[in-house]
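Colleague: Please take me through this model. I will ask what stands behind each term.

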Amino acid sequence: MDQSRIRNFCIIAHIDHGKSTLADRIIESTGLLTSREMQAQVLDNMDLERERGITIKSQAVRTVYKAKDGKEYIFNLIDTPGHVDFNYEVSRSLAACDGAILVVDAAQGIEAQTLANVYLALDHDLDVFPVINKIDLPSAEPDRVVNEIEDVIGIEAQDAPRISAKNGIGIDEVLEQIVTKIPAPKGDPGKPLKALIFDSLYDSYKGAIAFVRLMDGRVSKGTPIKMMATGATAEVVEVGYFGAGQFIPCDELSAGMVGYITASIKNVRDTAVGDTITNAAKPCDEALPGYKKVLSMVYCGMYPADGAKYPDLRDALEKLQLNDASLNYEPETSVALGFGFRCGFLGLLHLEVVQERLEREYNLDLVTTAPSVIYKVHKTDGEVIDLTNPTNLPDPSVIDYMEEPIVDAEIMVTKDFVGPIMELCQERRGRYVSMEYMEETRALLKYELPLNEIIYDFFDALKSRSRGYASFDYEMKGYEKSDLVKLDILINKEEVDALSFIVHAESAYERGRRMCERLKDEIPRHLFEIPIQAAVGSKIIARETVKAMRKDVLAKCYGGDITRKKKLLEKQKEGKKRMRQIGNVEIPQKAFMSVLKLDEDK
Amino acid sequence: MRPLGIYIHVPFCVRKCGYCDFLSMPSGKEGMDDYIFALIEEIKGYGEKYKCEGSEYEVKSVYIGGGTPSLLLPDAVGRVMDSLHETFAFANDKGVEVTLESNPGTVTMASLNGYVKCGINRLSIGLQSANDNELKTLGRIHDSAAFFKAFDMAVDAGFENINVDIMTAIPGQTLNSLENTLKTVTGLGCTHISAYSLILEEGTPFYEKYSSKEGLPDEDEEREMYHFTVSYLERRGYLRYEISNFSLPGYESRHNTAYWERDDYIGFGLGASSLIKDTRYKNTAIMKEYIMSPLSRDIFSEQITLSGRDRMAEYMFLGLRMSRGVSEDGFKKEFLTGIDGIYKNELDALKRDGLILRDSGRIKLTEKGIDYGNYVFSRFL
């Protein structure tokens, strides 16, 4: 394969600026196969794949574009997550690319994540060219946005394609610029194999499948390979590339190409994302830099709703970790929830994504506890504990002091909402750093914020207080001493460990009160009255009561409705099954999650 | 011979009440004639339809319900009764309870006399309330005067076993007005009273109208009315034998009791349900389908063969509705296994919570257990 005909790139954008739509358009406007490949009857292989029912999530897709110069180019479009939580994932996708398309909304202009993503791409030495999207919007101001890109980011934008991905306007120009502005790969096929694993997934039929970008060398069926970090070795069974949602086998992958490798690797851990694959018989000198190991910032407990599904959850986490190395987990037990895992995430959104994947892809019903950051607990004997589960907080008498993580936050917001957003940051114990106007109407606010104030509903609050006109990005700054307490929730006088969390002393009362109110709405009436209390140590700081149910009986039941009444009773019983028994109180599973979303205005 | 109950459904009303979720519709005479014709065809062909032999059964009760069966002329009722007698073996005539539901606004002296001649020996009158404002709220077609008149005529026609339906928790109802309704009914000397709390059934206009619960008595008031009804009626000799049913001693409804004891019954007519040898059936609710082929098994909208576990669950949740509860011996006889072998945990927990009591071989709901009946029942599923 002639490398000059390959373009490996990704699309970066602030959330909602149209990244996925543009990706769809690019795929639609290009072909799946080169004309030579079509003659080689690769289609047969594809049919076989179809029969096996193997499909891949479009983490990467290879398409063929016939450019205006009359030549065919191979496009490898590698997907990147758009959210701040996933900077780590973005960077591993970027490492597989040679260039990036920057999508900017013609109405909204540059947002916080636009900047963050561009800087990441530039860090990876990628060539970035901008595309102005959504020019069809009445509020579109492409000229203003072009100037903004040049002023703020400092990249050439005058000839940026002005497009509407939604309406298919300007896509041709984007395709041409991919050819002209994104550099071709410059690897050496003659050198020993050096391939970056940028993603992987487990398929019960093929085993672990490594998604790779070849930097140097070649690989084909039978090549003995070695994973340089894990040291695992295997013989390649199949290589190929990514059709639209399909694995398409081919004879060989060579320098500059993007594709997949299977090698009957049974243990998913052997294909760690970020690792370098080389030829075991003829290894390269040194591994690729890989990715820096990111630290989980947010922890929570995840429990199967049905205790018997614990092994299923363990397997699912193991498989998820395969292509989400930033997820980590270890077993824990809760009095309220039984056996589960304490899981570490990059952020709250990452947590939600993982939860959703576990529920959707692995068909698990989960109960998730309140997320927590990592607190540093300095004990009087000098020991320092990293606390990820509030339940493990040592007795206050042996605690000297505690520290909490602080982030540097950047918020971009239109002038009108600077006031409300500053107010929000103050409420969240933020420390004002600076404010600068990027242009007349938009300001960049910098704050230092405690991370534990961000992991609850901060995004929602930011959105609602700016009517959607604020964007947000943050990075870890470090730890600071803080006056923190553990807030416990007692339901019918019993402490529910899964609901405990650490909070700043000054917010304890407010947070406790809102938790009690929320739980009162979530816990159904029982045959008896249920007190719900929030406590710090032995001191009760808030209380609500779930009144006793007065009646629950069907007045009528005759021959005509026995089946229907039975179904009604069954439904009632099913509902109970999905609840957690704490003492003699049944708590719906969603109560454990709903307390995380303590509404602003409630 | 096994005891059998027969239910005949008459899905016609002058107009539909706002709270009613029974299968009924307004209809002209022609529609009713077609219906009676299909009904008789179904009765005569029941053996084939339900794959059972007439000789296995002895009819203990007939219940003509609706809808408003008193919209049928005595002639039509007579033809239906005749077809039943031709098809089934009846226990000796006096012993068979034959009930017809009626609406006070639809009966005349002549029709009542006619019903008696057809063999109807128990009349059920849907009063609901003696308060005219409450009747208006419910959308009933009659007023209390019409009820008094209907009751007198029924007595004159020779009915001595008369049930009156009343309702509690009607929007706007007070304990006072309820007491007045109870006083009125007991004063007339009926033998049986069904007292239901208004249930907001999904799909009814009331369900929409009162979705906010605004204007409805709250749970506390509803329970107060229920407990008041129980004590008021018991003081006057009407004993509660099921959660919502009261009677003078010996006048318990045999037909309804058979439902709670899981005797076999066959329902004829649109949307009618049957229990035959542990299979539950339900006819189609679509009139056209029913009229076309009342004997076809294809028109069953439901056909469920009960497992052993289903039968046990039914035994418990139906039996516990009755004041006398379920019998431990009866359970053993029916299922060849002791009740504790199956439900020990449930029974212990319910007893601990004061919801049931066990007393000389019987298990019953406590007063508290009645308030939380569904909670108790669902434990046995």
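Modeller: First the ground rules. This is a predicted model, where local features need pLDDT of at least 70, side-chain atom pairs count only at pLDDT 80 or more, and totals for chains, interfaces and linings use all residues. Residues are numbered from 1 along each chain as its sequence is written, chains are lettered from A and ligands numbered from 1 in the order in which they are written, and side-chain values use heavy atoms, without hydrogens and water.

Colleague: How do you know that chain B and chain A are in contact?

Modeller: Contact means heavy atoms within 4.5 Å. By that test, 39 residues of chain B are in contact with 24 residues of chain A.

Colleague: What area do chain B and chain A bury between them?

Modeller: About 3200 Å², with 56% of it on carbon and sulfur atoms. Buried area is the accessible area (1.4 Å probe) lost when two parts are put together, summed over both. In chain B, the residues losing the most area to chain A are B:Tyr372, B:Asn374 and B:Leu381, together 21% of what that side buries.

Colleague: Why is the meeting of A:Lys551 and B:Glu222 called a salt bridge?

Modeller: The term asks for a side-chain nitrogen of Lys or Arg within 4 Å of a carboxyl oxygen of Asp or Glu. Here the N to O distance is 3.5 Å, so the pair qualifies.

Colleague: Which helix supplies the largest share of the side of chain B that touches chain A?

Modeller: α16(B), with five residues. Helices (H or I, at least four residues) and strands (E, at least two) are DSSP runs, numbered from the N terminus.

Colleague: What makes β2 and β5 of chain A edge strands?

Modeller: Two strands pair if DSSP finds at least two bridges between them. The open sheet has five strands in the order β2-β3-β1-β4-β5 (chain A), with mixed pairing. β2 (60–66) and β5 (127–133) each pair on one side only.

Colleague: How do you know that β1 and β4 of chain A pair?

Modeller: Five bridges join β1 (residues 6–13) to β4 (residues 99–105), and the definition asks for at least two, so they pair. The two strands run parallel. A:Phe9 stands opposite A:Gly99 in β4(A).

Colleague: What angle does helix α1 of chain A make with β1(A)?

Modeller: About 155 degrees. Axes are lines fitted to C-alpha atoms, for helices over the stretch in contact, and angles run from 0 to 180 degrees between N-to-C directions.
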